[in-house]
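A short report under headings will do.

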Amino acid sequence: MDKAEILRYMRTNSKTNNEQILDLVDKAMQMTEEASEPKTIYRIFDCQVTENALIIGDFCFNSKRLAENLKGCRRVVIFGATLGTKCDILIRKSSATDIALAMAVQASAASKIEEVCDSLEEVIKKEHGVSLRQRYSPGYFDLDITEQKKIFKLLDITKRTGLTLTDTCQMVPSKSVTAFIGIDD
């Protein structure tokens, strides 16, 4: 995990010398590392990109911004990643007992899930010898959060990772990510 990134997530100066804050971040990082049980899944799909949508088989993801991100791509990676339920439990427990620690744990878990996603991207690049574009997730700009349902179907994500969706399409565990990544051919 990146301590400077965690401090930014906490809205603190990333170059702070405040020992109390730095100790809190160190504690949160250790707790998050111990609680994390990362699971990932990905698949590569052939796709068609129109001016306003990404089409994969019978699934259409309507988003002009996603289409702009994927312009020229004929294949796309769709992935899911989670830190697992123990991180959610850690966040809830710390929220009930120490709000400052809870803020640091929340920030360290956010950094950790980004680390997991970055590592997965590296695996994909090495295994498939491809160049990848920037990740794009449901809930960004004009890609509605309800598009999560289609991703969950395409990846059979609940069965494979334990990730579930609420009625409002929020993921459980909360420190989870789904995303599209264009493949430059």
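## Basis

The model is predicted.

Strand β2, residues 48-49, pairs with strand β3, residues 53-56, in the antiparallel sense through two bridges. The link from β2 to β3 is a hairpin of three residues. Across this pairing, Gln48 stands opposite Ile55 in β3.

Strand β3 also runs antiparallel to strand β4, residues 59-62, and four bridges join them. Ala53 has Asn62 in β4 as its bridge partner. The hairpin of β3 and β4 has two residues between the strands, and in this hairpin Gly57 takes a positive phi near 55°.

## The four-stranded sheet

Four strands form an open sheet in the order β1-β5-β9-β6, with antiparallel pairing. Strands β1 (39-46) and β6 (131-132) stand at the edges with a single partner strand each, so one side of each has no neighbour in the sheet.

Within the sheet, strand β5, residues 75-82, and strand β9, residues 176-184, pair in the antiparallel sense over eight bridges. One of the positions in this pairing is Gly80, whose bridge partner in β9 is Thr178.

## Helices on the sheet

Helix α5, residues 99-128, packs on the sheet and touches β1, β5, β6 and β9. The direction of α5 makes about 45° with that of β1.

Helix α6, residues 148-155, lies across β1, β5 and β9. Relative to β1, helix α6 runs at about 90°.

Terms used:
Residues are numbered from 1 along each chain as its sequence is written. This is a predicted model: local features need pLDDT of at least 70, side-chain atom pairs count only at pLDDT 80 or more; totals for chains, interfaces and linings use all residues. Side-chain values use heavy atoms; hydrogens and water are left out. Two strands pair if DSSP finds at least two bridges between them. Contact means heavy atoms within 4.5 Å. Axes are lines fitted to C-alpha atoms, for helices over the stretch in contact, and angles run from 0 to 180 degrees between N-to-C directions.
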